[in-house]
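Please take a moment to turn the model around before reading on.

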Amino acid sequence: MRRISILGATGSVGTSTLDLVERHPDRFEVVALTAATNAIALADAARRTGAKLAVIVDETKLPELRDALAGTDCRAATGHDALLEAAAGDAEWVMAAIVGCAGLEPVMAAVEAGRTIALANKEALVTAGSLMIDAAKRTGATVLPVDSEHNAIFQCLAGNSHDGVAKLILTASGGPFRTWSKADMDVARPEQALKHPNWSMGAKISIDSATMMNKGLELIEAHHLFGLPSDRIDILVHPQSVIHSMVEYVDGSTIAQLGSPDMRIPIAHCLAWPERIETRAETLDLIKIANLSFEAPDEVRFPSLRLARAALESGKGEAIVLNAANEIAVAAFLDRKIAFGDIARIVEQAINQAESPAPQSIADVIAIDQAVRRQVGLVMPMVSA
Ligand code: NAD
Ligand code: MG
């Protein structure tokens, strides 16, 4: 029995994780679950899995959570400490599926406690990558990549000498605006940007896929997870999302991982690692798919790619600024306060204005993140006007 916690249990990755855990009750025991606001969905998941701790971030929802858990032996809790307890308490395996930099401290609590962390929360790695990887080395924590591209690379590296790696090739679907003109994209509406051609995901990452900032964040994520410099990580647009990423070796071999676009596949790989479990995800029908195609990424229509690569190469805290400005801009776009084209402009402006020394601690990361949020919040109305 593997004792597990799911942070962000009510989200897209969280519910896919629950789906797998509930299919394999003989293998997994759920210790703790967390959510931001949805007390009913959280309590329902806690009842189904027999979780012992349910943490709701929105404290006004605690009474509702308590009522919904009445008659169970699951403790309802709220607050920062309770969230850290869910991350670093009794569970040996932790799914980190909170969205945004808000997930950083719980992830670090699990790393400090030496747990196995299935990391979906890419923003935590983008903002604090070196600190997190160094801490994991010190504590013996294991970080398993859930993001489908990084999970693919992890699988392509297995059993091979890392010295023989020439480069990593991150594939990208290109998102819903892959073939759109820059002028059309500039005025795209949230409902258009949310329509991902292949994957069903939470709102924030769906918008990141439309701007291709998602691939920019994944470039930084790949750098921290696999230790390769920016010039040895390529981005390749592959609209069918069948090949989830590849590793090219010095001898000319390229190894790819393929699968249907279903997050249960990489999540299951992390859940059972180093074993394999059945997922009921659709298997690939390559005859039906027939064609796999590839294109170069377009950094003119998708400036977020260029901004993310530059942030990584700066070696300072620029990735924290990039991430914070992007989180704020995406939320403002979803609230219809700014245009789609403003998102990358706001991120670029924030990078040009912010002080971003390399962070020495998680407290430094949070301080830079908070300063950028305040600053971007102030300039936002002028940009969208
Ligand atoms: P989502 O919006 O569907 O779910 C987010 C979860 O985090 C929810 O349970 C929510 O209650 C919780 N949450 C939100 N804000 C919070 C806060 N401030 N504090 C604590 N909890 C909070 O998001 P998602 O699509 O499941 O993505 C989760 C993470 O996984 C993101 O970092 C995303 O980039 C990454 N990821 C997602 C997918 C996918 O297919 N959805 C694929 C790869 C990586
Ligand atoms: Mg991904």
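In what order do the 7 strands of the open sheet run? The order is 4-3-2-1-5-6-7, and the pairing is parallel. Keep in mind that this is a predicted model.

**The sheet**
- From one strand to the next, the twist averages 20 degrees.
- Strand 1 (residues 2-7) and strand 5 (residues 93-96) run parallel and are joined by 4 bridges.
- Within that pairing, S5 has V94 of strand 5 as its bridge partner.

**Helices on the sheet**
- Helix 1 (residues 12-23) packs on the sheet, where it touches strand 1, strand 2 (28-35) and strand 5.
- The direction of helix 1 makes about 155 degrees with that of strand 1.
- Helix 4 (residues 80-88) also packs on the sheet, touching strand 1, strand 2, strand 3 (53-56), strand 4 and strand 5.
- The direction of helix 4 makes about 135 degrees with that of strand 3.

**The magnesium site**
- The magnesium ion (ligand 2) has D147 (OD), E149 (OE) and E218 (OE) as its protein donors, at 2.1 to 2.2 Å.
- Along the chain, the donors of this ion follow the spacing D-x1-E-x68-E.
- D147 counts as buried because its relative accessibility is 7%, which is under the 20% cut-off.
- E149 counts as buried too, with a relative accessibility of 8%.

Terms used: Residues are numbered from 1 along each chain as its sequence is written. Chains are lettered from A and ligands numbered from 1 in the order in which they are written. This is a predicted model: local features need pLDDT of at least 70, side-chain atom pairs count only at pLDDT 80 or more; totals for chains, interfaces and linings use all residues. Side-chain values use heavy atoms; hydrogens and water are left out. Donors are N, O and S atoms within 2.8 Å of the metal (3.2 Å for Na, K and Ca); water is not among the atoms, so sites may look incomplete. Buried means under 20% relative accessible area, exposed over 50%, partly exposed in between (1.4 Å probe, protein chains only). Two strands pair if DSSP finds at least two bridges between them. Helices (H or I, at least four residues) and strands (E, at least two) are DSSP runs, numbered from the N terminus. Axes are lines fitted to C-alpha atoms, for helices over the stretch in contact, and angles run from 0 to 180 degrees between N-to-C directions. Contact means heavy atoms within 4.5 Å.
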